[in-house]
Amino acid sequence: TPEPFVPGAYLLRDFVGQQDQPLLHDLQRILAQAPWRHMQTPGGLTMSVAMSNCGKLGWVSDRRGYRYASLDPLSGLPWPKMPPSFEALAQSAAAVAGCEQFQPDACLINRYESGTKLSLHQDKDERDFSQPIVSVSLGVAAIFLFGGLKRSDPVLRTELTHGDVVVWGGPSRLRYHGIAPLKPEEHPLMGRVRINLTFRAAG
Ligand code: MD5
Ligand code: FE
């Protein structure tokens, strides 16, 4: 097991390696069934991150709040199945961080374009915080912001680049975190976007 960069958090640089193109191929199939959309916050704002989901559950936000739902509100159909390539990557990363039993039932897919940001927040909509979240970065590099367990705690920044995987477990599971506005850069495979896959045991 590598050293955590903060307690409970394992940054696996380019863990995706040569799996990036097969992953993107499977992603295109998901997006054909459950296209990108900008969800509304409970406060009525439109999120700048475009989202989709795959797996048994998908994270959704609207005027009623944040929650996991088994149906895509756009189609009324179940979310696309989680491809074996996604599940295998998430489970092998979790295992490297010592979580051998990780069984994700939700994969939230985030798309950032130039200027897109994700404000500081905690992930608290899952049932069991003892399960880690595994996040996979693809495309344009992002400045990842991570704070502490209180919103007022100091915020550290680190760059996440194409292929990086982070396993957020233990005491880091509930840290405040966000993404700084994406720089207008180009990635050879992905163009001017960053896509992040976050695997969760939500239900
Ligand atoms: C992203 N997505 O890069 C991030 C990766 C989200 C979200 O934050 O909610 O969709 S997940 C980063 C994460 C998850 C759980 C805990 C911590 C970070 N943390 O303790 O810093 O699109
Ligand atoms: Fe988050």
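How do the residues of the shell around ligand 1 divide into nonpolar, polar and charged?

A: This is a predicted model, in which local features need pLDDT of at least 70, side-chain atom pairs count only at pLDDT 80 or more, and totals for chains, interfaces and linings use all residues. Residues are numbered from 1 along each chain as its sequence is written, and chains are lettered from A and ligands numbered from 1 in the order in which they are written.

The shell around ligand 1 divides into six nonpolar, six polar and three charged residues. Here Ala, Val, Leu, Ile, Met, Phe, Trp, Tyr, Cys and Pro count as nonpolar, Asp, Glu, Lys and Arg as charged, and the others, Gly among them, as polar. In total 15 residues surround ligand 1, and the closest are S135, W168, R175, H177 and N196. A residue belongs to this shell if its C-beta atom, placed from the backbone, lies within 6 Å of the ligand. Two or more residues each come from strand 5 (106–112), strand 7 (133–139), strand 11 (177–179) and strand 12 (194–200). Strands are DSSP runs of E with at least two residues, and helices are runs of H or I with at least four, both numbered from the N terminus.

Two strands pair if DSSP finds at least two bridges between them. Strand 8 (residues 142–146) is joined to strand 9 by five bridges; one pairs F144 with T158 in strand 9.

Strand 5, another contributor to the shell, contains A106. A106 counts as buried because 25 C-beta neighbours lie inside 10 Å; the cut-off for buried is 20 or more other C-beta atoms within 10 Å, exposed means 12 or fewer, and partly exposed is in between. Its contacts, leaving out residues up to four places away in sequence, include G58, W59 and Y68, where contact means C-beta atoms, placed from the backbone, within 7 Å. G58 stands opposite A69 in strand 4. Strand 3 (residues 58–62) and strand 4 (residues 65–69) run antiparallel with five bridges, and a hairpin joins them through two residues.

Methods
Two residues are in contact if their C-beta atoms, placed from the backbone, lie within 7 Å.
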